[in-house]
Amino acid sequence: MPERLAPLNIGGLEIKVPIIQGGMGVKVSTSSLAVAVANCGGGGTIAGVGLGEVIEHDRIDPIGASIKSLREEIRQAKAASDGVVGVNIMVALGHYQEAVRTTVEEKADFIASGAGLPLRLPEYAEGGTTKLIPIVSSGRAADLIFKTWRKRYDVLPDAVIVEGPLAGGHLGFKYDQLVSSQVPPLEDIMADVLVVVEEYGTKGKIPVIPAGGIYDGKDIARFLRAGAAGVQMATRFVVTHECSVDDAFKKAYVAATEDDIAIIKSPVGLPGRTLKTAFVKKILASERVPFSCDYICLRGCDPTTAPYCIADAMFAACHGDLDNAVVFCGSNVPRIDKIVSVKELMDELVVETEKELAAPQPVAGG
């Protein structure tokens, strides 16, 4: 009989199926996708970046427009699901503090925060019940967050997401490391983070959740056996009916091959994995695409020198204008061959994982 999957417990918050759908901006993982995942027992995630496009009447206050959209997305999710729904908030956001406080005010279940070290996250989330989950790409980063949070705020993370080099979007590695494949595998990074968790006396209390390059039940089972409490997956959830992006975006995933993937730098230098659209080919050729800034989305972005506007390029992606788009993707995108419902995907992952966990394992040295 297949082994039943144990729920993922994050500080008393129970996710019945230990799969968190990763946060994907811009407007890729909105409330519609997060709710569908939550209603299947997983952890749904709204990406807190780029939820509100800046239209004419919002140009005077783009941050206000973004915060308003974030509130609406969280409220829609809470109204449509009794399951677990959180928000991914990038540290690199120009309005990071406001986004965190809004998410806590709206009582989202958790905040997952990366694209920088969320050293002040507990301060901005003070007084709320929202669970706090930093996203790290090394044991060293995890240790710094644990040490800083305990010293400054007398708290530790409720969970840790460990994102490896095979993920899509903004990655916690150097560009040169990624293009030369000189990066440690996710398994090794997770092992380092598990050591940090144990050193702080929280083994078994603070779940470690790997992400990046996890595709099927065999992958999930492998990480669960290695000490993970659950996993985070993103790329496969793009090609679901409930994902709100244009069908052209989804079909580009289905059609993608290994040769269609590239690593680029965002305007603030963070590397990311993307499909080679016509726009990305310009970026790879060091061609600058001039723009005026309507969004104020990333700290440190100077519109007078930045090579392109990532907000414009990602809005183009979600609307299906792929010639002018950055289409972030994980390394496993070439394996995707169809668009399915969230329920179909979740059911498939659970069945595969339970079957793999129940299979006899080879004896070491045998």
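Visitor: Is Arg4 buried or exposed?
Guide: The model shown here is predicted. A residue counts as exposed when its relative accessible area is over 50%. Arg4 has a relative accessible area of 65%, so Arg4 is exposed.

Visitor: Which residue forms a salt bridge with Arg4?
Guide: Side chains of opposite charge can pair when their charged atoms come close. For Arg4, the closest N and O atoms of the pair are 3.4 Å apart. The partner lies in helix 13 (residues 342-358), 350 residues apart from Arg4, which sits in the segment before strand 1 (8-10). The partner is buried, with a relative accessible area of 9%; this residue is Glu354.

Visitor: In which helix do Asp143 and Lys147 both lie?
Guide: Their side chains meet in a salt bridge, at 3.7 Å from N to O. Asp143 is partly exposed at a relative accessible area of 22%, and Lys147 is partly exposed at 47%. The two are four residues apart, about one turn of the helix, and both belong to helix 5 (residues 139-153).

Visitor: Does Asp219 count as buried or exposed?
Guide: Asp219 lies in helix 8 (residues 217-225) with Arg222, three residues apart, and their side chains meet in a salt bridge of 3.0 Å, N to O. Arg222 is partly exposed, with a relative accessible area of 36%. Buried means under 20%. Asp219 has 11% relative accessibility and therefore counts as buried.

Visitor: How many salt bridges does the structure hold?
Guide: Some residues are linked in a network of salt bridges, namely Arg71, Arg75, Glu105 and Glu106. For the structure, the number of salt bridges is 11.

Methods:
Residues are numbered from 1 along each chain as its sequence is written. This is a predicted model: local features need pLDDT of at least 70, side-chain atom pairs count only at pLDDT 80 or more; totals for chains, interfaces and linings use all residues. Side-chain values use heavy atoms; hydrogens and water are left out. A salt bridge is a side-chain nitrogen of Lys or Arg within 4 Å of a carboxyl oxygen of Asp or Glu. Buried means under 20% relative accessible area, exposed over 50%, partly exposed in between (1.4 Å probe, protein chains only).
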